[in-house]
Amino acid sequence: MTSTQLIKIRTQLEPNLQKLLANNELDFNLVLTNKGMHNKQPVTLYRFEPQETMHLNNQHISFLLDDDSSKLQGFVRLLPQYQSTNTQVSKEKALAITLKFLEIYAPDLLKNYNNNWIDTHDEEIIVNGKKVTLTGMKVKCRDLNTGLYFWTIIAPDETIMVFERDVEWDFIRAGRQTQKWLHDSWLSKKL
């Protein structure tokens, strides 16, 4: 990240941006900035990759920020070091890490929520031309004030791999209604 890019995101995510990223991740390049809507809220997606051009389905770090409040709407770190292993954090540890993360980056979600479930979750990226499965422990919750869902996926190294919030789910229409800014399969159809 250039110093200008880092300063912009740092001012929007203060405090504690450094706690979200490892030092080597701070060297990733900004490859995409895209404005759009998250439900009815204007947002900006910032996508960073190790190379200087965007490669969908490859490793990346992305932030989705609310344009009005600078609130973190989503965050993803899909990196090769999270390739599936038998080593995962426990469900109890995943919940504790999630709650600590929310205290800093989304304290409003802690006011009235229900933890729906905790279980392993897979994501895929391409590494050296081959699909690789990344596995973490997903903590899915519902904000009882809004009815919207939020979740984290905790990586085996006990860091946040994914955070998404304010996701509308419609069980009658068979699934998610909110835009999927952090998902390359969705993003590829929208760019």
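Which residues on the other side of α3 are exposed? The answer is E92, K100 and E103, where exposed means over 50% relative accessible area, buried under 20% and partly exposed in between (1.4 Å probe, protein chains only).

This report describes a predicted model, in which local features need pLDDT of at least 70, side-chain atom pairs count only at pLDDT 80 or more, and totals for chains, interfaces and linings use all residues. Residues are numbered from 1 along each chain as its sequence is written, and side-chain values use heavy atoms, with hydrogens and water left out.

## Helix α3

Helices (H or I, at least four residues) and strands (E, at least two) are DSSP runs, numbered from the N terminus. Helix α3 covers residues 91-105, and its 15 residues should span 21 Å at 1.5 Å a residue; the expected span is 1.5 Å times one less than the number of residues. The end C-alpha atoms of α3 are 21 Å apart, which agrees with that expectation.

The buried residues of α3 are A94, I97, T98, F101, L102 and Y105. Seen down the axis of α3, these buried residues fall within an arc of 135°, so they line one face of the helix. The arc is that of the directions from the helix axis to the C-beta atoms.

## The sheet

Eight strands form an open sheet in the order β1-β2-β3-β4-β8-β7-β6-β5, and the pairing is antiparallel. The edge strands, β1 (29-38) and β5, each pair on one side only. From one strand to the next, the twist averages 20°; axes are lines fitted to C-alpha atoms, for helices over the stretch in contact, and angles run from 0 to 180 degrees between N-to-C directions. Two strands pair if DSSP finds at least two bridges between them.

| Strand pair | Bridges | Opposite residues |
|---|---|---|
| β2 and β3 | Six bridges | Y46 and F63 |
| β5 and β6 | 14 bridges | I118 and V139 |
| β6 and β7 | Six bridges | C141 and F150 |
| β7 and β8 | Five bridges | I153 and V162 |

In a regular strand the side chains alternate between the two faces of the sheet. Strand β3 has both faces covered: H60, S62, L64 and D66 are buried on one side, and I61, F63 and L65 are buried on the other. Strand β6 (residues 130-143) has ten buried residues among its 14, so it is largely enclosed by the rest of the structure.

## Turns and positive phi values

Strands β5 and β6 form a hairpin with two residues between them, and N128 in the turn has a positive phi of about 50°. The hairpin of β6 and β7 has five residues between the strands, and there G147 takes a positive phi near 80°.

The hairpin of β3 and β4 also has five residues between the strands. S70 lies in the loop between β3 (60-66) and β4 (72-78), and its phi near 65° is a positive value in a residue other than glycine. S70 is partly exposed, with a relative accessible area of 24%. S69 is found in the loop between β3 and β4 and counts as partly exposed at 45% relative accessibility. S69 and M161 are 92 residues apart along the chain, and their C-alpha atoms are separated by 23 Å.

D166, in strand β8, has a phi near 55°, a positive value in a residue other than glycine. At 14% relative accessibility, D166 counts as buried.

## Core and contacts

In soluble globular proteins, nonpolar side chains tend to be buried together. A nonpolar core is a set of buried Ala, Val, Leu, Ile, Met, Phe, Trp, Tyr and Cys residues joined through side-chain atoms within 4.5 Å. The largest nonpolar core here has 49 residues, and those with the most contacts inside it are I61, F63, L72, F75, F101, M161 and F163.

Contact means heavy atoms within 4.5 Å. Leaving aside its neighbours within four places in sequence, F163 is in contact with residues including L72, F75, F101, L102, W151 and L182.

N34 is found in strand β1 and, at 18% relative accessibility, counts as buried. Leaving aside its neighbours within four places in sequence, N34 is in contact with V43, T44, L45, W181 and L191.
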